[in-house]
Structures are given as structure tokens and as C-alpha cells.
Amino acid sequence: MSDKLEFVMTSSDYLFRKPNKIMFEIALKKSRLDASEVWYCGDNVIADIESASQLGIFPVWYDNNTDANIGDITPNCEHLHIHEWDELINILLNCR
């Protein structure tokens, strides 16, 4: 893919961390996109998946079987569940 990132945002650049909704709101403002137009990828069920979903952002759960997800916690919201980044790349390529 030849697409480039418009910006990179890390919690270390701000006073807030996920799951604080302000992080997601800042990213939406910077991108000039509505939450319904955005997919958010992460591996933490609470801080990434459920937090993004609460703001109307579509979450993609990257479940790579690490200890980021303690126990058998699964997201309590609609989401896309992937185990490899190639799965997401293929889905995005097929959306074009």
C-alpha cells in the first residue's frame, strides 16, 4: 500500500491516556473525520476496543494471544476480531 499516515499520536504527547475519551476526541479533531468514518485498532479490550466503541469509532481487536488481555475478557461491543495484521490489510484492500 502506498498510503501514508497523516499523523501519529501517542499518549506520551498528551496529559491523558487511553481509555480517557479525550485521546480519541483529539485524534478525531486532528483527522477532521467523524467517529463513524474511523476504525481504531488495538489489543487491549477495555482501553482500546470498548473505549473506541463508546465514542462511535469502529474497533478492530488485534488479539495476538499476548498478556495484554488478561483471562478470557472479550469486548462487549460490535468489533472486528483479527489475529494477524495481514487479515486487516486484506479486509481494507477488499473495501476499495
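Modeller: Let me begin with a cut-off: a residue is called buried under 20% relative accessible area, exposed over 50%, and partly exposed in between. Please keep in mind throughout that this is a predicted model.

Colleague: What makes the pair of tyrosine 62 and tryptophan 85 stacked?

Modeller: Ring centres have to lie within 6.5 Å for a pair, and planes under 30 degrees apart count as stacked. For tyrosine 62 and tryptophan 85 the values are 4.2 Å centre to centre and 20° between the planes, and the aromatic pair is therefore stacked. The pair links distant parts of the chain, with tyrosine 62 in strand β2 and tryptophan 85 in helix α3, 23 residues apart. Tyrosine 62 counts as buried because its relative accessibility is 14%, against a limit of 20%.

Colleague: How many aromatic pairs are there in the whole structure, and why is the pair of tryptophan 39 and phenylalanine 58 called tilted?

Modeller: The search finds three aromatic pairs. In the pair of tryptophan 39 and phenylalanine 58, the ring centres are 5.2 Å apart and the planes stand at 55°; stacked would need under 30 degrees and edge-to-face over 60, so this pair is tilted.

Colleague: Where in the chain do tryptophan 39 and phenylalanine 58 lie?

Modeller: Tryptophan 39 belongs to strand β1 (residues 39-42) and phenylalanine 58 to strand β2 (residues 58-62), so that the pair, 19 residues apart, links distant parts of the chain. From C-alpha to C-alpha, phenylalanine 58 and tryptophan 39 are 4.6 Å apart in space. Beyond four places in sequence, phenylalanine 58 touches Ala35, Val38, Trp39, Tyr40, Glu78, His79 and Leu80.

Colleague: How do you know that phenylalanine 58 is partly exposed?

Modeller: Its relative accessible area is 24%, and buried would require under 20%, so phenylalanine 58 is partly exposed. Tryptophan 39 counts as partly exposed too, because its relative accessibility is 38%.

Colleague: Which residues make up the largest nonpolar core, and what makes it a core?

Modeller: The largest nonpolar core has six residues in all, namely Phe24, Leu28, Ala35, Val38, Ala52 and Ile57. The name applies because a nonpolar core is a set of buried residues of the nonpolar kinds that are joined through side-chain atoms within 4.5 Å. Apart from it lies another core, of five residues, among them Tyr62, Leu80, Ile82 and Leu88. As background, nonpolar side chains in soluble globular proteins tend to be buried together. Leaving aside neighbours within four places in sequence, phenylalanine 24 is in contact with Lys18, Tyr40, Ala47, Asp48, Ser51, Ala52, Leu55 and Ile57.

Colleague: Which residues form the nonpolar patch on the surface?

Modeller: The patch is formed by Trp85, Ile89 and Leu93, with about 260 Å² of accessible area together. Membership requires over 30% relative accessible area; leucine 93, found in helix α3 (residues 85-95), counts as partly exposed because its relative accessibility is 40%.

Colleague: Why does arginine 32 count as exposed, and what is its phi?

Modeller: Arginine 32 is at 76% relative accessibility, and because exposed begins over 50%, arginine 32 counts as exposed. Its phi is near 60°, a positive value in a residue other than glycine. Most residues other than glycine have a negative phi. Arginine 32 is found in the loop between α1 (21-31) and β1.

Colleague: Which pattern does the protein chain follow along the sequence?

Modeller: The chain has three helices and three strands, which follow the pattern α-β-α-β-β-α. Of its 96 residues, 26% count as buried.

Notes: Residues numbered from 1 in each chain as written. Predicted model: local features only at pLDDT ≥ 70, side-chain atom pairs only at ≥ 80, totals over all residues. Heavy atoms only, no water. Buried < 20%, exposed > 50% of the residue type's maximum accessible area, 1.4 Å probe, protein only. Contact = heavy atoms within 4.5 Å. Patch = residues over 30% accessible without salt bridge, like charges linked within 9 Å, V, L, I, M, F, W, Y side chains within 5 Å. Areas by Shrake-Rupley, 256 points an atom, 1.4 Å probe, with all protein chains shown as cover. Salt bridge = Lys/Arg side-chain N within 4 Å of Asp/Glu carboxyl O. Helix = DSSP H or I, 4+ residues; strand = E, 2+ residues; numbered from the N terminus. Phe/Tyr/Trp six-rings, centres within 6.5 Å; stacked < 30°, edge-to-face > 60°.
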